[in-house]
Amino acid sequence: MSVTQQQVLDALSRVASPRGVPLTNANVLSAISVTDGKVFFSINVDAAEARVWESVRAQAEAAVRAIPGVSMAMIALTAERKPGAPQAAPAAHRHAHGVQPASAHRPPQGAASPMSKQAEIPGVAAVIAVASGKGGVGKSTTALNLALGLRDLGLRVGLLDADIYGPSVPRLSGINEKPQLNDDRKMIPIKRFGLSIMSIGFLVEENTAMIWRGPMVMSAITQMLRDVAWGTLDILVVDMPPGTGDAQLTLAQNVPLKGAVIISTPQDLSLIDARRGLAMFKKVNVPVLGFIENMSYFQCPECGTRSDIFGHGGARHEAERLGVPFLGEIPLHMSIRTTSDEGNPVVASQPDGPHAAVYRAIGTKVRDQLQGAIAAA
Ligand code: ADP
């Protein structure tokens, strides 16, 4: 039975709003998207009112989920500041996607200490971010292979694809099924290669244009973090959206991160962006576990000869200069790309090969830094 927009509106008309009228008459709803039982929309209010509206958002979500045939409801509270109101983040951190600096999920100003972060995720010992200053440097490929390298160390590992602007984990891991819901209506992550994997790409069609306004980013990611039955994990690897804009800053601030890994290529431009990434995590007191240099040198698939096309070693020097650990160099190699394109990442498909060994060595350095957190859990 397919769910209709009218059914959603009917359900929402039974939810009261703080304006004394039903939610549907409060003039706060965005367009409602209903596809295959999946419902997405946002409630747009002024930032000053966000706190009161959070319970309305939750009620709206419950009402939509109760409609027979609804498999998933993602309802974001979009809280914007009125022009001229004080901003929580500097203008320099605006994101190209039109992200607003205010978010219903951002803690109050001046609350950037680790103590103010959202609660830990039950059962998950350590959440780490894999970030890059810009797109196309191999962040997602590295996140997945690093997760597999950590798995090879005997750890229980999850991967959350939070790159909601371009979720590529479904393709890289060859997953095209949809997550099921458990009895608590939490999504069950897809198990592949011994990892528990979740991506927004499992929920929307690959070609569906996704336009996320700033606060919706956090809302969607919060839901993927907390409405997923992760089970018991030693490490949850979060593949971040690329860049250091406002959405990324909000994420870094709100996800209970034990650390972040920054991926860069050796070129100067990429290194400048990596430095921005470091500054962003420092700002919100998330320890940077280290830099990884991806596409570090070219290894000829035929003869194995190595050439430093991009002037290899930049990330190592930069890490030394900035006093950040250097985690390793990953070569630019055809088999890393082809295995990813086939949905069978190199650490899973060529576990005895040299590339898997590189990712495992990086995983070992990451694990060693998180040892305390994992042991405590
Ligand atoms: P990002 O997440 O930074 O946008 P991706 O992980 O999607 O980047 O990688 C971009 C492209 O580069 C993909 O085609 C991927 O297969 C390829 N790639 C990434 N790392 C390597 C590598 N070390 N060697 C060869 N190809 C790579």
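**Helix packing and ligand shell**

Guide: Helix α7 (residues 268–283) and helix α8 (residues 314–322) have axes that come within 11 Å and cross at roughly 35 degrees. Helices here are DSSP runs of H or I with at least four residues, strands are E runs of at least two, and both are numbered from the N terminus. Axes are lines fitted to C-alpha atoms over the stretch in contact, with angles from 0 to 180 degrees between N-to-C directions.

Visitor: Which residues make the contact of α7 and α8?

Guide: From α7, Leu 271, Arg 275 and Leu 278; from α8, Gly 314, Ala 315, Glu 318, Arg 321 and Leu 322. Contact means heavy atoms within 4.5 Å.

Visitor: OK, what is this model, and how are residues numbered?

Guide: It's a predicted model, where local features need pLDDT of at least 70, side-chain atom pairs count only at pLDDT 80 or more, and totals for chains, interfaces and linings use all residues. Numbering runs from 1 along each chain as its sequence is written, and side-chain values use heavy atoms, leaving out hydrogens and water.

Visitor: On to the ligand. How many residues surround it?

Guide: 15, and the closest are Gly 136, Lys 139, Ser 140, Thr 141 and Pro 331. A residue counts as near if one of its heavy atoms lies within 4 Å.

Visitor: What does the side chain of Asn 294 do there?

Guide: One of its N or O atoms is 2.9 Å from a ligand nitrogen. For Thr 141, a side-chain N or O atom is 2.5 Å from a ligand oxygen.

Visitor: And His 333?

Guide: There a backbone N or O atom lies 3.1 Å from a ligand nitrogen.

Conventions. Polar contact = N/O pair within 3.5 Å; in protein donor to acceptor, adjacent residues only side chain to side chain.
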